Amino acid sequence: MGCMVSTPKDSGGNRRRPASIGEVSVYVPGLRIPKPVDFQQSLGDCLSKNIVERLSALRTRIVVMAGQEGPTITRTKRKSATQHGGSTLADLLQALEDYLPVLLGLVKDGSHLQYKVQFVWVNQEDEAEETAMSNAWYEVLSVLHLMATLSLSQANLLLLPRTSTDGYQPKVSEENRRASVDIFLKSAGYLDCAVRHVLPQLPAELRRNLPVDLAEGVLRALCLQALGQGVDIQLGMAIDSTKATLAVKRRLACEMVKYWQQAQDNIMNLPLSNGWGEKHRLNVKWKYIESKAAAYYYHGLILDEGNTEKSHGMAVAALQAADEYFKESKKLCEAFNAATPLSRNPPLWGTMKYLSEKIPKDTSSKVRINRDLYTYERIMETAPTLPDFALALKPDDYQLPQVSPSWRTENVKGEQNGSPNHLKG
């Protein structure tokens, strides 16, 4: 129901990509940018002038803001950032939140209006330059994806280390770390809502032809990535706390592994090979391996508390695995930063600053055998199984807003349900 048109990447110049996005603490996919829509032409015969103008004004605001800021909004050197995560980001998020209740009037009670307007968005991870669909649920899905992406951008800005007043190394304040966890849960909530409540509204044929940016696997992966980043922040705060036990730290690290493993599983078979897509894939692989380094490190420390020769041997094997995963994660980090658009790491802080010092040191002190006898494969074979913990961090329970009251007085002309499903491409 609705039609779809995908424009090949070599047929236009709408997709503007920055050569570099600066420092990255949180992976933020390239922003999908909406293109202008003529609501008057599509809906002028069905709706009052008031509601058509309202839709036009709200969406045009988003088109202008996203078009101006989209290519640069993730560049961390921009001066528009505030302590709350970026004034430009907050303004664009607010514009999307204002638009959504009015947009939802097009799909209310299965209205035929949902098929009247062809919505066009510029992709970032898909081979196709842009995708147009005559289905308002595609627009809702695109809006939620953009809201989630902007939230991840806010978290990234909060988690870039700032030069401290005491003159020591740059660091991230506890206030920013706590605020970022709330933002990660909010972003995950938008994506979870998109998967559970919006994707099912699209007919199977259109779902199959969504750009990879909006594929179910990518949406699920981004949701899990947000949760994985949230646990990473929690682990960093536990490391800084004198009250957190080794068991608590191991549990958080093991949960982090599960989030990133599930994220990797969701995008494993998707065609993420185009620009941002390849960077996305490398980020997930890097963070998955990095989380395994943390989990094996804390598992090894707990095993080492045992008094038996067996537990000591398992501890050594776990710490060796942690060391190997840590080395591998550094290579993947370099590959991620080298993938276009180029990026760089901020100064180390939090979980990885601590572990980058502790893993090599503790491994070398515990392993008293000739390490040359152990190949990477041998170490991985002997590594003990990580304990399995239930995942504690859940997405916010985000619900689509109520349809705007401005629709109450609308008398839709020619209202009928259903529309033939046709595809163009």
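Predicted model: local features only at pLDDT ≥ 70, side-chain atom pairs only at ≥ 80, totals over all residues.
Trainee: What percentage of the residues is buried?

Mentor: Buried means under 20% relative accessible area, exposed over 50%, and partly exposed in between (1.4 Å probe, protein chains only). Of the 425 residues in the protein chain, 56% are buried.

Trainee: How many helices and strands does the protein chain have?

Mentor: Both are DSSP runs numbered from the N terminus: helices are H or I with at least four residues, strands E with at least two. This chain has 12 helices and six strands.

Trainee: At what angle do α4 and α5 pack?

Mentor: Axes are lines fitted to C-alpha atoms, for helices over the stretch in contact, and angles run from 0 to 180 degrees between N-to-C directions. Helix α4 (residues 136–158) meets helix α5 (residues 174–198) at about 165 degrees, with the axes 9 Å apart. That makes α4 roughly antiparallel (an angle over 145 degrees) to α5. Contact means heavy atoms within 4.5 Å; the residues making it include Trp137 and Leu144 of α4, and Phe184 and Tyr190 of α5. By class, the residues of this contact are 17 nonpolar, five polar and one charged. For these classes, Ala, Val, Leu, Ile, Met, Phe, Trp, Tyr, Cys and Pro are nonpolar, Asp, Glu, Lys and Arg charged, and the others, Gly among them, polar.

Trainee: What about α7 and α8: how do their axes cross?

Mentor: The axes of α7 (residues 216–240) and α8 (residues 246–267) come within 8 Å and cross at roughly 165 degrees. These helices are therefore roughly antiparallel to each other. Their contact has 15 nonpolar, seven polar and four charged residues.

Trainee: Where is Pro387 placed, and which residues does Pro387 touch?

Mentor: Pro387 lies in the segment after α12 (376–382) and is partly exposed, with a relative accessible area of 25%. Not counting residues up to four places away in sequence, Pro387 touches Arg250, Cys254 and His299.

Note on methods
Residues numbered from 1 in each chain as written. Heavy atoms only, no water. Parallel < 35°, antiparallel > 145°, perpendicular 65-115°, else oblique.
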